[in-house]
Amino acid sequence: MGNVTKDEALYQEMCRVVGKVVLEMRDLGQEPKHIVIAGVVRTALANQRVPRSELTTQAMETVVKALAG
């Protein structure tokens, strides 16, 4: 990633997480509303069996706080 700061890396990961959810919802024919996106990310985050990097976990937590809070 070159010389990317921690905040920039977190922001990029947040965008990746939200983008993935929005595209999956579109494929399922659902309208991606912010509260629904937060719920999907919160549910995914609750699944501890999925291995994630610390950056991805932090990004997911931040997305939930930003969209639902």
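**Exercise 1. Gln48 and its surroundings**

Find which backbone oxygen the side chain of Gln48 reaches, and at what distance, in this predicted model.

*Solution.* 
Step 1. Locate the residue. Gln48 sits in the loop between H2 and H3.
Step 2. Follow the side chain. It reaches the backbone oxygen of Leu45, at 3.3 Å.
Step 3. Check accessibility. The relative accessible area of Gln48 is 66%. Exposed means over 50%, so Gln48 is exposed.

**Exercise 2. Overall fold**

State how many helices and strands the protein chain has, and give their order.

*Solution.* 
Step 1. Count the elements. The protein chain has three helices and zero strands.
Step 2. The order is α-α-α.
Step 3. Take the extent. The C-alpha trace spans about 40 × 25 × 25 Å along its principal axes.
Step 4. Look at burial. Of the 69 residues in the protein chain, 23% are buried.
Step 5. Residues 24 or more positions apart account for 49% of them.

**Exercise 3. Salt bridges**

Find how many salt bridges the whole structure holds, and describe each pair.

*Solution.* 
Step 1. Side chains of opposite charge can pair when their charged atoms come close.
Step 2. Search the whole structure. Two salt bridges turn up.
Step 3. Take Glu13 and Arg16. Their side chains form a salt bridge, with N to O at 2.8 Å. A polar contact of 2.8 Å also joins these side chains.
Step 4. Ask how the pair is spaced along the chain. Glu13 and Arg16 are three residues apart in helix H1, so about one helical turn separates them.
Step 5. Compare accessibility. Glu13 has a relative accessible area of 12% and is buried. Arg16 has 42% and is partly exposed.
Step 6. Take Arg26 and Asp27. They form a salt bridge, with the closest N and O atoms 3.0 Å apart. Arg26 and Asp27 are both exposed.

**Exercise 4. The setting of Glu13**

Decide whether Glu13 is buried or exposed, and list its contacts beyond four places in sequence.

*Solution.* 
Step 1. Glu13 belongs to helix H1.
Step 2. Apply the cut-off. Buried means under 20% relative accessible area, and Glu13 has 12%, so Glu13 counts as buried.
Step 3. Set aside neighbours within four places in sequence. Glu13 is then in contact with Leu55, Thr56 and Ala59.

**Exercise 5. The largest pocket**

Describe the largest pocket: its volume, the residues nearest its centre, and the make-up of its lining.

*Solution.* 
Step 1. Take the volume. The largest pocket holds about 240 Å³ of space.
Step 2. Find the lining. It has 13 residues. Val17, Lys20, Val21, Ala44 and Met60 lie nearest the centre of the pocket.
Step 3. Assign elements. Those giving two or more residues to this lining are helix H1 (6-27), helix H2 (34-46) and helix H3 (54-68).
Step 4. Find the main contributor. H1 gives the largest share of the lining, five residues.
Step 5. Eight residues are nonpolar, one is polar and four are charged.

Technical notes
Residues numbered from 1 in each chain as written. Predicted model: local features only at pLDDT ≥ 70, side-chain atom pairs only at ≥ 80, totals over all residues. Heavy atoms only, no water. 1 Å grid on protein atoms, 1.4 Å probe; cavity = no way out; pocket = protein on both sides within 12 Å on 5 of 7 lines; lining within 4 Å. Points joined across faces, edges and corners; volume = space filled by probe spheres on them. Helix = DSSP H or I, 4+ residues; strand = E, 2+ residues; numbered from the N terminus. Nonpolar A, V, L, I, M, F, W, Y, C, P; charged D, E, K, R; others polar. Salt bridge = Lys/Arg side-chain N within 4 Å of Asp/Glu carboxyl O. Buried < 20%, exposed > 50% of the residue type's maximum accessible area, 1.4 Å probe, protein only. Polar contact = N/O pair within 3.5 Å; in protein donor to acceptor, adjacent residues only side chain to side chain. Contact = heavy atoms within 4.5 Å.
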